[in-house]
Amino acid sequence: DNKNKAKMKILYTLSVGLIAWSLYSDLNAAVKPNVLLIVCDDLNDYVETLGGHPQVRTPNIKKLIDTGVSFTQAHCNIPICNPSRASFATGIYPHTSQQFGFEDWDKNEILKNSRTMMAHFAANGYHTLGTGKIMHNRDRQEWNEYGHPSDYGPFLFDGKDKIPHIGVPRPFRDDFGIIDGTFGPLEKVSHKKSPDTGKPYSWLTGGWKKQRELKYESENDRDPTGDELNAQWAVKRLKELASKKSDKPFFMGVGFVRPHTPLIVPQKYFDRFPLKSIELPVIKENDDEDTFKKTVTSTEDDRSGDRGTKMYDSLVAAYKGDRELALKKFIQAYLASVASVDDLIGNLLNALETTGLHKNTIIVFTSDHGWGMGEKDYLYKNSLWQESTRVPFVLRAPGVSKAGGSCDRPVSLIDLSPTLLDLCDLPTNTMKNDKGRPLDGFSIKPLLTNPAEGKWAGPDEALTALYKWARYYDPAKQNYSLRSNNWRYVRYENGKEELYHTAKDKHEWRNLALDSKYSDTLKKYRTKLLSIIPESIP
């Protein structure tokens, strides 16, 4: 009897243990990871480890890179704000949706019938909360909870009108105004009077329709900028979410406007990059001569139809033809703006670590597109060259991503949504009805685990389209590029082509499409691109 009792006791203990383990396993399987998505605006490869500029100072972004996987050849799918964000938020290519321009993305027939990633997360049990610029507009409706709207300020105010920074000379300030035509430090200006109005200068900040005064007396006596408000809101909410210990996971999006123009950030960031020390990017003289973007945006005799070319010409003219000084001034402001955002990203990362949320929170850091800094006599986004299409793309997924991993396989922002759905084990059907479209991208989860040799189902090339204003966008009649490991192929709407052997020509200096020796390679990529783009939709 005693032996039987002992056996029963052992069996009972084992049974209880198995039941407890089963419940524990089920509970852990049900715990979904949180997501923190950080998006900068107009940020190119001026980030530590990406090699865009030797003087960049982004220690917090580098810390994230050191603990996650950095995709060093990640590209946007269209290098301009509205359609890029509409594309990566829905996981649908511009040529699928025909959203190539600045029309309201949520009125597009395909996109309004397909969920954004945040709406899809909300529909599948997540609490979604966002602040700042994630979509180009009409953000609030996509989140359960929304913080601050997009804020492009600060803007200088002369008592009557918003004006460019007083340190920016003509014609650049006149040609491009209070957004693209202004850069300089956020500093005390109330002691100066405008020669035009006779009133003291002040600062305003806000969105396109509504602004408020931004107090600035000193670095220790001032109002926070729009980006700083977004970081503060996000840090506060992260701490609150951690303290409540809700069973519901969260998806948080934080959108920073800098380094989008106007490049105005506190003086302390400019002080980190003394003007005399600024190094220029490596630029080949007359590098635009064998390129063809201008053939679809300008006339043969007038370069001003192309915004990037006009911005470059105007900036150089503003400094009386001194190209070196002109670019140093602009690059200094850009580096300062990037450094300001890096500090704010550091605040977010610190909040995750101090609350313990970092243990179960996926972090994504990226940008909607890049920005050219004078290469090919071009100062802007919206080109099909490396400077505009390449973006930082860093992903850290606890228990999945390899710390300090680097992947040079071409991927694109179209892969962001399917990757997050895969990591969080959510349904991949984001269509609201049959008028929507399935995801165009592929999950890069295998490349997080094994950045060098992971088996990825995605394409060998990153596809990027080019925005050119039109009343109607026929996808077969747009401009596109393909970026593979070793090549970039560009095809414009008029049939003109560019081909760069990027493995040997990383600056894309020599257009091999003009060399008959590369006709087979040219034909290969032309055939590949045309097989992807749909036939004409009248």
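Residues are numbered from 1 along each chain as its sequence is written. Because the model is predicted, local features need pLDDT of at least 70 and side-chain atom pairs count only at pLDDT 80 or more, while totals for chains, interfaces and linings use all residues; side-chain values use heavy atoms, without hydrogens or water.

**The whole protein**

Start with everything shown as a cartoon. The protein has 15 helices and 23 strands; these are DSSP runs numbered from the N terminus, with helices being H or I of at least four residues and strands E of at least two. Along the principal axes, the C-alpha atoms fill a box of roughly 105 × 65 × 45 Å.

Of the 538 residues, 56% are buried. Buried means under 20% relative accessible area, exposed means over 50%, and partly exposed lies in between (1.4 Å probe, protein chains only). Among contacts (heavy atoms within 4.5 Å) with a separation of 6 or more, 71% are between residues 24 or more positions apart.

**Two helices**

Select residues 226-244, helix α7, and residues 323-355, helix α11. Their axes come within 9 Å and cross at roughly 5°, so the two helices are roughly parallel to each other. Axes are lines fitted to C-alpha atoms, for helices over the stretch in contact, and angles run from 0 to 180 degrees between N-to-C directions. Angles under 35 degrees count as roughly parallel, over 145 as roughly antiparallel, 65 to 115 as roughly perpendicular and the rest as oblique.

Now show side chains where the helices meet. On the α7 side, include A231, V235 and L238; on the α11 side, include L344, L348 and L352. The residues of this contact divide into ten nonpolar, two polar and three charged. Here Ala, Val, Leu, Ile, Met, Phe, Trp, Tyr, Cys and Pro count as nonpolar, Asp, Glu, Lys and Arg as charged, and the others, Gly among them, as polar.

**Two threonines**

Select T389, in helix α12 (residues 386-389). T389 has a relative accessible area of 0% and is buried. Its side chain makes a polar contact of 2.9 Å with that of H75. A polar contact is a pair of N or O atoms within 3.5 Å; within protein, one must be able to donate a hydrogen and the other to accept it, and residues adjacent in sequence count only if both atoms are side-chain atoms.

Next, select T430, in the loop between α13 (416-423) and α14 (445-449). At 2% relative accessibility, T430 is buried. Beyond its neighbours within four places in sequence, T430 contacts residues including S114, H120 and R437.

**Backbone details**

Most residues other than glycine have a negative phi, and most peptide bonds are trans. The next stops are exceptions to look up.

- G153 and P154 are joined by a cis peptide bond, with omega about 10°.
- The bond from T261 to P262 is cis, with omega near 0°.
- N286, not a glycine, has a positive phi of about 60°; N286 is partly exposed at 40%.
- D377, also not a glycine, has a positive phi of about 55°; D377 is buried at 16%.
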